[in-house]
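Please examine the sequence and the structure shown below. The report that accompanies them is written for a reader who is new to protein structure.

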Amino acid sequence: MKDFIKRVIVFLSLSILVVITILIGSNYIVKSLATFKIDENVKQLIIGHSHSECSINDSILKNSINLSSSGESYFYNYQKLKMVVSDNQQINTVFIEFANSQVDSVMDDWIWGYEKMSFYLQYYSPFMESEDVKLLLDHNSTDVVSSYSVATRKLLYRLLAGDYNLIDEMGGFANSKLSKVDEMIANNKFNRTISESHSISETNLSYLRKMIDFCKYNNIRIFLIRSPQHPLYADLINEPVYQEVLKTQFRDVELLDFDAMNFPNSEYLDLHHLNYKGANKFTTLFNDLIENNLLNSDNKQSLIDKSIKDFNNK
Amino acid sequence: MLFNSIDFAVFLPIVFILYWVFFQKNLKLQNLFIVIASYIFYGWWDWRFLSLILFSTIVDYSIGVALSKEGNQQKRKIYLWISIIVNLGFLGFFKYYNFFLDNLITAFTFFGTELQASSLKIILPVGISFYTFQTLSYTIDVYREKLIPTKDFIAFSAFVSFFPQLVAGPIERATNLLPQFYAKRKFEYHNAVDGLRQILWGMFKKIVIADNCAEFANMFFNNHSEYGGSGLLLGALFFTFQIYGDFSGYSDIAIGTSRLFGFDLKQNFAFPYFSRDMAEFWRRWHISLSTWFRDYLYIPLGGSKGGTSLKVRNTFIIFIVSGFWHGANWTFIVWGALNAIYFLPLLLAKKNRANIGTVAEGRLLPSMKDVLNIVSTFLLTVLAWVFFRADSVSHAISYLGGIFSESLFSMPEFDNRTHAAEVLILIGFLIFIEWLGRESQYGLEKLGLTWNRSLRIAFYLGIVCLIFLFMGKEQEFIYFQF
């Protein structure tokens, strides 16, 4: 019996050691070898979730790269931002998507829900701080383990393939060709994602704050941006909450608000995303504004509003 | 608590050490400790149902004692029927009340009368289908005088509540398990090591195979109208391995855990997907349930004796009841009936015992004939599982209709195909190991025993790594819902 227990303990210890070695080893190697290098001419970075992923065509917006990714909360945006900026010192401006859904408590599930964790940890786990891991463990320890399982497996494949250039996998302009708005309106589906109570995700907003502070610390200009959304988009119902958060928590950052832009239904993918047609028009307008010195102007939103008015009247 | 949970990982070593260190010397204490540990294990799910299992234990123990004293055949029959009514009554109420009510309402409505009745919100006690059948086997065997009834209430309670097999089987016969509580268990090193090996293999089947297959099975079954024939067939295939990995994995963990405590449970799955015909399949799948129905329902009905109509009747009864045991849904009844249709031709042609031994026994590879038989039996099983998994009969028919469409021969289109390929490779690994171990009690039993120690340890560590790397979102064991 003693011999049995001794051998079991030895085997279990070996098992834990092997698993931890694989887990830590794969993360360490990827962290050491990963590169986030982008073109030297790129000076502007766009980060966010699917709204900016669908709305900003970085082949139109000069000297920029869009690394927005569908379903990505600020928690994961932050990890990406740190890595990309560290490897690309030429970046001097960052635009962070700030949509209505991003203040809502639904974003909590986007941080520590199994679906998102198991997808994003493969990219970001090597670069996370211990407090980030602790946050995930505190909120969903069961799924953290299985998410790390998926992440470790993907990291091992990456090691085997020798593929350490993560930039291409971290987001990009969606260039969506579809348009489902008419069908959605006909079926009374208005893309509601936010919570019934309109409660706030303090965690998600804290990571937005981290991104802002990180940019300021690195002397990078930082702007919040709200891409155009269809007027019937259901999440606009939390606009008062959204404005309150902006006023109380992020008054030190300017919001470039393009939500008032109107497009025909055929230029939206659905009620909260533009498709490629809408994106090209929006990005062209945005690019023109930047070329006309928007980012250095004192009255940015007035300039934006005027452009939007002219656009809407065409 | 789930076998693959942190709770159980803490519970098991504590119980193991206390059992062998403090309770080894006294049989009564050893059994009492099993009862306490088992009640803690069961109460972890829902403490409210402890009273149910305790009541069932008291009723059947008392009936056993009464049967031991009663010589009058009429009175003995009454005692037996009390046990049957109490056990099946509980099962019927908790599991089938709403089903019968809903169907009664539907029937009345069909005939133009509205029946006012509302269904109840009934929680199904975990394991009720298993332990009620286990205790029934006791009272029936005592009635038949195949077993001397026990006067040891603690031993009997331990037999009823024995935690490794309480919630999802194997359904143990009193003739096999109860006597094991009459003698002190002694720690046997090789049994314990073998038990751990079986637990490891069971964990692999559950975590790596079943839980990963579940992701795709759910995707295809829950949105079947979005996929083509080849995708739906793949979904059915994933479910086929999900249910096998889940249920046989659980059985392996249960049997392995029992061996840690010195108990020997019967094999519950004997590599059923290597069966050469459906009769062989039913001798290898969920053996404890199918033999239970054979001994306590099929044979009393006359079995395969008598004329053709009797054989047909008994076959349909046994398979439909077996299907119905799984759940209160017409899909299970249809699944059972379909298996009866598969089985009958073999029975009527007296070919149901054509394949008794293990396929390719003593050889590495099967013959072409065996391969064809295995593949065709497997495909029939896959198609039948569609009814088992579907939410309703119409869902199953729609799903099958989707399989047999033009798109059956096109490449399946769905998300996460890379992960699906990984899972198919793992299924291949499972089949390989189980093929090599098909003459053993479980796949890993004898594999590697002749290798040198380091290689064997490395192999087991490899399985541990696979479990870690393919640990998907935790899924409950499918058979807990039964």
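This report describes a predicted model, beginning with the contact between its chains and continuing with a helix and several salt bridges.

## The interface between chain A and chain B

The size of an interface is often given as the accessible area lost when the parts come together. Between chain A and chain B this buried area is about 2100 Å², and carbon and sulfur atoms give 75% of that area. Within chain A, the residues that lose the most area to chain B are M1(A), F4(A) and R153(A); together they account for 31% of what that side buries. The contact draws on 25 residues from chain A and 25 residues from chain B.

Polar interactions also cross the interface. Between the two chains, 8 residue pairs are in polar contact, both residues of each pair being at pLDDT 80 or more. Two elements of chain A give two or more residues to the side that touches chain B, namely α1 (2-33) and α6 (130-161). The largest share, 12 residues, comes from α1(A). By type, the residues on this side of chain A divide into 16 nonpolar, 5 polar and 4 charged.

## The salt bridge across the interface

The count of salt bridges between chain A and chain B is 1. This salt bridge is formed by R153(A) and E422(B), whose closest N and O atoms are 3.2 Å apart. R153(A) has already been named among the residues of chain A that lose the most area to chain B.

## Helix α5 of chain B

Helix α5 of chain B comprises 16 residues, 128-143. At 1.5 Å a residue, the helix should span 22 Å.

Just after α5(B), E145(B) takes a positive phi of about 60°.

## Salt bridges within the chains

Over all chains, the structure holds 32 salt bridges. One of them joins E131(A) and K210(A), with the closest N and O atoms 3.3 Å apart. E131(A) lies in helix α6 of chain A and K210(A) in helix α8 (residues 202-217) of chain A, so the pair ties together parts that are 79 residues apart in sequence. K210(A) has a relative accessibility of 23% and therefore counts as partly exposed.

In chain B, a salt bridge joins R76(B) and E145(B), with the closest N and O atoms 3.8 Å apart. This pair links distant parts of the chain, 69 residues apart: R76(B) belongs to helix α4 (residues 73-110) of chain B, and E145(B) to the loop between α5 and α6 (153-161) of chain B. R76(B) is buried, because its relative accessible area is 5%, whereas E145(B) is exposed, because its relative accessible area is 63%.

Another salt bridge of chain B is formed by D370(B) and R363(B), and here the closest N and O atoms are 3.8 Å apart. D370(B) has a relative accessible area of 11% and is therefore buried, while R363(B), with a relative accessible area of 43%, is partly exposed. In chain A, salt bridges that share partners join R209(A), D213(A), K216(A) and D252(A) into one network.

Conventions:
Residues numbered from 1 in each chain as written. Chains lettered and ligands numbered in written order. Predicted model: local features only at pLDDT ≥ 70, side-chain atom pairs only at ≥ 80, totals over all residues. Heavy atoms only, no water. Contact = heavy atoms within 4.5 Å. Buried area = accessible area lost by both parts, 1.4 Å probe. Salt bridge = Lys/Arg side-chain N within 4 Å of Asp/Glu carboxyl O. Polar contact = N/O pair within 3.5 Å; in protein donor to acceptor, adjacent residues only side chain to side chain. Helix = DSSP H or I, 4+ residues; strand = E, 2+ residues; numbered from the N terminus. Nonpolar A, V, L, I, M, F, W, Y, C, P; charged D, E, K, R; others polar. Expected span 1.5 Å × (residues − 1). Buried < 20%, exposed > 50% of the residue type's maximum accessible area, 1.4 Å probe, protein only.
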